[in-house]
Amino acid sequence: MTKSLIALFALLPALAFAAPFSVEKIAPGVYLHHGQHKDLAPHYGGDICNISFVIGNNGVAVIDTGGSPAVGSQLRKSIRKITKKPILYVINTHVHPDHALGNAAFKQDHPVFVGHSKLAETMAQRKEIYLHNQTEWVGADAAGTELIPPSLAVSATHELDLGGRTLRLTAYPVAHSPSDLGVFDTASNTLWTGDLLFIERTPSVDGDVPAWLDVIEQLREVKATRTVPGHGAVTANGGAALDDERRYLTTLLTDVRNAIKQGRSMEDQTRPQHGRNYHHRCTIGAREMVAVRRYQPPQRGAHISAFGVGVGRDLLPRLIRLF
Ligand SMILES: [Zn+2]
């Protein structure tokens, strides 16, 4: 490589996607970008979840914005290549950084930011730690990150009219997280679950497992032609994916309850010799699920995990209502 080429690469922006930022048309007026199955780490901007947009006669709704303004602006550029219609709504399916920290890229469009009625409060609680950790998570792509709370809060159900299609929003009780919002597009029968459904990836738990199992049954009732999970492939068979997730969460719940009864700590329980290895490839379910570090004890001595949740010995009882 010549010196001038090396110099050129040095000038490239920090956001370096392995492949060009791609969006896929999954139904008329419905577009999706698949994030990578990775943990948050510098050089891909927190681009690890599914982010989407839906085009109606009157304008566009964005569903999740990625893990940094850099990813959000890649999504915005993709929208602008496809339509000049106004971006009316930016919906966050929940508070997690990979889904909501790209919001700032859309401020210039003056959209209505939409989320669960608990989202603003949850963002406020986590703001300091998320902003503090963002540089570690995404490196230089952290520049310009803001937590932008919803200006339209959904506490039960709400409909957004995009013109010729309606997005039906459903706010769920604490399940995967404290702020889970489902989205259903009436024109294409597409359901976005946010992280209430993971496919090909171990679910992260930041809420209440028994309540999540209840919500899985509610999602099953939605008669969707296709389901877009928070992470993983779009599926025409949402029921099978929900079955896989139910099996994983049920097994986790049973194992953890047993571990607590036997007085084992979370650290003990997640050692492979004591049972299932939750944080490497997980073969519970039909597919291999790529691991996340959810059940590892803190690595850097802090009592804060990647998503700002305390990972102390008291966490599992809090997550898994034992009584
Ligand atoms: Zn996620």
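This is a predicted model: local features need pLDDT of at least 70, side-chain atom pairs count only at pLDDT 80 or more; totals for chains, interfaces and linings use all residues.
Residues are numbered from 1 along each chain as its sequence is written.

**Overall picture**

The secondary structure of the protein chain comes to eight helices and twelve strands. Both kinds are DSSP runs numbered from the N terminus, with helices being H or I of at least four residues and strands being E of at least two. Of the 323 residues, 46% count as buried. Buried means that 20 or more other C-beta atoms lie within 10 Å of the residue's own; exposed means 12 or fewer, partly exposed is in between, and C-beta atoms are placed from the backbone. Among contacts between residues at least 6 apart in sequence, 68% join residues at least 24 apart. A contact here has C-beta atoms, placed from the backbone, within 7 Å.

**The seven-stranded sheet**

Seven strands make an open sheet with mixed pairing, in the order β1-β2-β3-β4-β5-β6-β7. Strands pair if DSSP finds at least two bridges between them. β1 (24-27) and β7 (152-154) sit at the edges with a single partner strand each, so one side of each is left without a neighbour in the sheet. On average, neighbouring strands of this sheet are turned by 25° against each other, direction ignored. That angle uses axes that are lines fitted to C-alpha atoms, for helices over the stretch in contact, with angles from 0 to 180 degrees between N-to-C directions.

Inside the sheet, β3 (residues 51-55) and β4 (residues 60-63) pair in the antiparallel sense over four bridges, and valine 54 has alanine 61 in β4 as its bridge partner. Both residues turn up again in the largest nonpolar core: of its 49 residues, Val54, Ala61, Val62, Ile63 and Ile91 touch the most other members. Such a core is a set of buried Ala, Val, Leu, Ile, Met, Phe, Trp, Tyr and Cys residues joined through C-beta atoms within 7 Å. Leaving out residues up to four places away in sequence, valine 54 touches Gly29, Val30, Val60, Ala61, Ile63, Leu162, Leu167 and Asp185. A second, separate core of 16 residues includes Tyr172, Leu196, Ala241 and Leu252.

Helix α2 (residues 69-82) has 14 residues and reaches 20 Å from first to last C-alpha, close to the 20 Å expected at 1.5 Å a residue. The expected span is 1.5 Å times one less than the number of residues. Its buried residues, among them Val71 and Leu75, pack against β2 (30-33), β3 and β4.

Helix α4 (residues 119-138) is another story: it has 20 residues, but its end C-alpha atoms are only 22 Å apart, short of the 28 Å that a straight helix would reach. There is a kink of about 55° in α4, centred on arginine 126; the bend is the angle between axes fitted to the seven residues ending there and the seven starting there. Arg126 is also one of the buried residues of α4, which pack against α3 (97-100), β6 (112-116) and β7. Glycine 139 follows α4, with a positive phi near 65°.

**The five-stranded sheet**

The other open sheet runs β8-β9-β10-β11-β12, again with mixed pairing. Its edge strands are β8 and β12 (226-231), each pairing on one side only. β8 (residues 157-161) and β9 (residues 166-171) run antiparallel and are joined by five bridges, with threonine 157 opposite threonine 170. They form a hairpin with four residues between them, and glycine 163 in the turn has a positive phi of about 90°. β10 (residues 181-185) and β11 pair in the antiparallel sense over three bridges, with phenylalanine 184 opposite leucine 191.

**Loop residues**

Most residues other than glycine have a negative phi.

Arginine 201 is in the loop between β11 (190-198) and α5 (209-221). Arginine 201 is buried, with 22 other C-beta atoms within 10 Å. Its C-alpha atom is 9.7 Å from that of glutamate 245, 44 residues apart along the chain.

Key:
Two residues are in contact if their C-beta atoms, placed from the backbone, lie within 7 Å.
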